[in-house]
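Subject: The structure, and what turned up in it

Hi there,

Here is the structure for you to open next to this email. My notes on the sheet and the salt bridges follow below.

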Amino acid sequence: MRNLIVLGAQWGDEGKGKIVDLFSERFDIVARYQGGHNAGHTVRIGDQKFILKLIPSGILRGRQAVIGNGLVIDPAALLTEIETLENAGVQVDGRLWISNRAHVLFPSHRVMEKMSEGRPGRVSIGTTSRGIGPCYEDKTGRRGVRIADLLDQDTFRARYDALVEEKETIAQALGIDEKLDLAHIRDEYEAFAARIRPMVRDTARLLNDAIAGGQSVMFEGAQGTMLDIDHGSYPFVTSSSASAGGACTGTGVPPTRIQGVIGVSKAYVTRVGGGPFPTEALEAMGDEDRNSGNEFDSVSGRLRRCGCFDVPLLRYTAMIN
């Protein structure tokens with residue numbers, strides 16, 4: 001199979017990063033298609049441990065890496081990740097490409113998410129409070145700022161000013177006291193734009209041209225199918241399409257170009273955050289699984305809830321994907 005999707009068949013944390021790392025040398029390009037820096041893939045190569053939150057893990061094997069249009073990107077987190085890889089001797093320059101249609105995440109998104117999660121009477125979803133959900137809300141509400149907008153100063157300033165004005169109004173109405181230096185943030189993001197500009201491309205065209213030219217692509221999902229915004233355990237889900245369909249909408253590659261899907265699961269089930277978990281092992285058994293499997297989230301450090309292998313769940317996710 002020349003073009004393949006690798007995704008999580010449970011609630012995430014199944015070991016997708018290891019599978020992507022195992023297969024990546026067989027592909028020319030590895031493309032991430034959804035999520036943000038709220039999800040991470042942990043890969044060990046020799047004595048080195050890498051936790052990648054935005055950059056596809058194929059870059060560790062010298063593959064071309066694409067951050068697709070389906071992602072929301074915190075430029076500060078992305079640049080920190082790039083610097084970490086470069087300091088470890090991983091070549092990023094000329095290998096990492098960022099979609100001009102991906103959306104930009106701002107500090108105000110984090111403030112809004114913390115407010116939403118902590119609001120009295122709201123059932124907590126158990127998010128990472130990194131602003132992912134509010135950024136996707138702005139995308140869907142057609143008021144978001146895309147990478148292409150960030151790179152054009154006049155467009156960026158107009159869209160940024162309109163966005164933060166709306167966020168300030170909401171914050172005042174809800175009694176949020178946290179103040180942000182909005183002018184400083186705008187200047188900071190313009191500096192981020194200058195640094196990422198050489199990596200920005202129309203990645204839908206890049207990927208489709210590569211496939212037409214005979215190159216192979218592995219599509220890397222984040223989280224798991226049961227966290228998919230449409231098909232997961234709603235409302236205890238993420239804000240993007242973590243199932244196979246997300247690979248098409250999140251990269252611009254049509255389904256007719258994709259030959260297969262690998263769903264990764266492990267011998268027991270884990271999930272982070274709130275929500276239903278039919279096979280959850282409580283008390284001593286859950287603690288034993290958690291400690292023996294080192295079940296702590298690679299991004300947030302939160303403990304993972306553990307439970308028994310769930311066959312009906314896998315039947316469902318196999319059907320969806």
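In what order do the seven strands of the open sheet run? The order is β9-β7-β5-β2-β10-β1-β11, and the pairing is parallel. Two strands are said to pair if DSSP finds at least two bridges between them. Strands (E, at least two residues) and helices (H or I, at least four) are DSSP runs, numbered from the N terminus. At the edges are β9 (200-201) and β11 (260-264), each of which pairs on one side only.

Before you go further, please note that this is a predicted model: local features need pLDDT of at least 70, side-chain atom pairs count only at pLDDT 80 or more, and totals for chains, interfaces and linings use all residues. Residues are numbered from 1 along each chain as its sequence is written, and side-chain values use heavy atoms, with hydrogens and water left out.

Back to the sheet. Strands β2 (residues 29-32) and β10 (residues 217-220) are joined by four bridges in the parallel sense, and Ile29 stands opposite Val217 in β10. Helix α1 (residues 16-23) packs on the sheet, where it touches β1 (3-8), β2, β10 and β11; contact here means heavy atoms within 4.5 Å. The direction of helix α1 makes about 160° with that of β1. For such angles, axes are lines fitted to C-alpha atoms, for helices over the stretch in contact, and the angles run from 0 to 180 degrees between N-to-C directions.

Now the charged side chains. A salt bridge is a side-chain nitrogen of Lys or Arg within 4 Å of a carboxyl oxygen of Asp or Glu, and the count comes to 13. One of them joins Asp21 and Arg61, at 2.8 Å from N to O. Asp21 lies in helix α1 and Arg61 in the loop between β4 (48-52) and β5 (64-67), so this pair, 40 residues apart, links distant parts of the chain. Asp21 counts as buried at 10% relative accessibility, while Arg61 is partly exposed at 28%. (Buried means under 20% relative accessible area, exposed over 50%, partly exposed in between, with a 1.4 Å probe and protein chains only.)

Arg143 and Asp138 form another salt bridge, with their closest N and O atoms 2.6 Å apart. Asp138 is buried at 2%, whereas Arg143 is partly exposed at 32%.

Finally, Asp161 in helix α6 (residues 153-173) and Arg186 in helix α7 (residues 182-196) form a salt bridge at 3.6 Å between the closest N and O atoms.

Happy browsing!
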